[in-house]
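Here are my notes on the structure for you to read alongside the sequence. Please go through the points in order.

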Amino acid sequence: MKIGVGKMPIMFENGWLELKNVKVTYIKPNIIIGRSSLNRRGDSFMRIEHVDPEECVEEGICLFSHKSVGFGHAFHAMMSTYSGYIKKKNRISNNLRFVHFSGAKHLSEFNILCAEVEKRDLIHIHATESVFFKTLLFFKPIYKSSPSNKVGIRVIKQYLNDNMDRKTSAQVAILKTDKATNLDNIRNASGNMNHRKIKNVMTNNGIKLINHGKMNAKDIIWEVMNCNILVISWGATSIWHSFLPTMNSLCYCIVQNYYWREVRWYKKRIERHNLCF
């Protein structure tokens, strides 16, 4: 029996799900993020099947959402599943390791960071590979900004405050441009800004445009945690504002023409956040 693939949903009870005796197959790395031309329906990048218990050896925790969505939604989902893990971790054996899928740069790096914070090892599942689990835990994902995500965010920020000490800039911009070719925007180029032109605008206003495409997720979070003003663009890069040092920190959002329809749709929800347009 297959579960959690295609139109067959994974069902959560009290925010989490414990599966027994399953095989997890990493189908395609290039659909771990987004509804690209290869994955228009947003099908899962993993296949889960019940198998004979005698085949199963591993015990794992999966923070990745089984549903393939755009980067921003996938990142929010992982922050919510990590928050769900934190709430339940006193009931979880120390023997369980975090399941890791490579293929989506910052999402994978955030998963590694969560494992580092929790002092848990990783079970690496490579493309087309299958791993057999005696126990596999999932936590219910929320694919948008949510107050429940703040549990994991607070833990991450405290960990980095205790373990990092590097000079940062007071005013930072993280924008969706045509320079970052190894991120989600290469598959969804709508709304990409001209890197050279927008960098000139930021520089003339004393704002550092960071090359987030070449940075580790941990370093991006550290930059945001220590800035006074953050400039983001609507879409994938907007998720980084979740790590601002305080709710009173200034965050400006540049909305490309392509996304104004979405902005109008989410207007009431946006007004609850400290975003300026």
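1. A search of the whole structure, which is a predicted model, finds nine aromatic pairs. Rings of Phe, Tyr and Trp (its six-membered ring) count as a pair if their centres lie within 6.5 Å; planes under 30 degrees apart are stacked, over 60 edge-to-face, and the rest tilted. Tyr 82 and Tyr 85 are stacked because their ring centres are 6.1 Å apart and their planes are at 15°.

2. Tyr 82 and Tyr 85 sit three residues apart in helix 1 (residues 71-88), so about one helical turn separates them. Helices (H or I, at least four residues) are DSSP runs, numbered from the N terminus.

3. Tyr 82 has 0% relative accessibility and counts as buried; Tyr 85 is buried too, at 1%. Buried means under 20% relative accessible area, exposed over 50%, and partly exposed in between (1.4 Å probe, protein chains only).

4. Ring pairs join Tyr 82 and Tyr 85 with Trp 16, Phe 98 and Phe 139 in a cluster.

5. Ser 83 is also part of helix 1, and is buried with a relative accessible area of 1%. What does the side chain of Ser 83 reach at 3.0 Å? It reaches the backbone oxygen of Asn 149. A polar atom of the Ser 83 side chain also lies 3.2 Å from the backbone oxygen of Ser 148.

6. Leaving out residues up to four places away in sequence, Ser 83 touches Ser 148, Asn 149, Lys 150, Val 151 and Gly 152. Contact means heavy atoms within 4.5 Å.

7. Residues are numbered from 1 along each chain as its sequence is written. Local features need pLDDT of at least 70, side-chain atom pairs count only at pLDDT 80 or more, totals for chains, interfaces and linings use all residues, and side-chain values use heavy atoms, with hydrogens and water left out.

Definitions and conventions:
Helix = DSSP H or I, 4+ residues; strand = E, 2+ residues; numbered from the N terminus. Polar contact = N/O pair within 3.5 Å; in protein donor to acceptor, adjacent residues only side chain to side chain.
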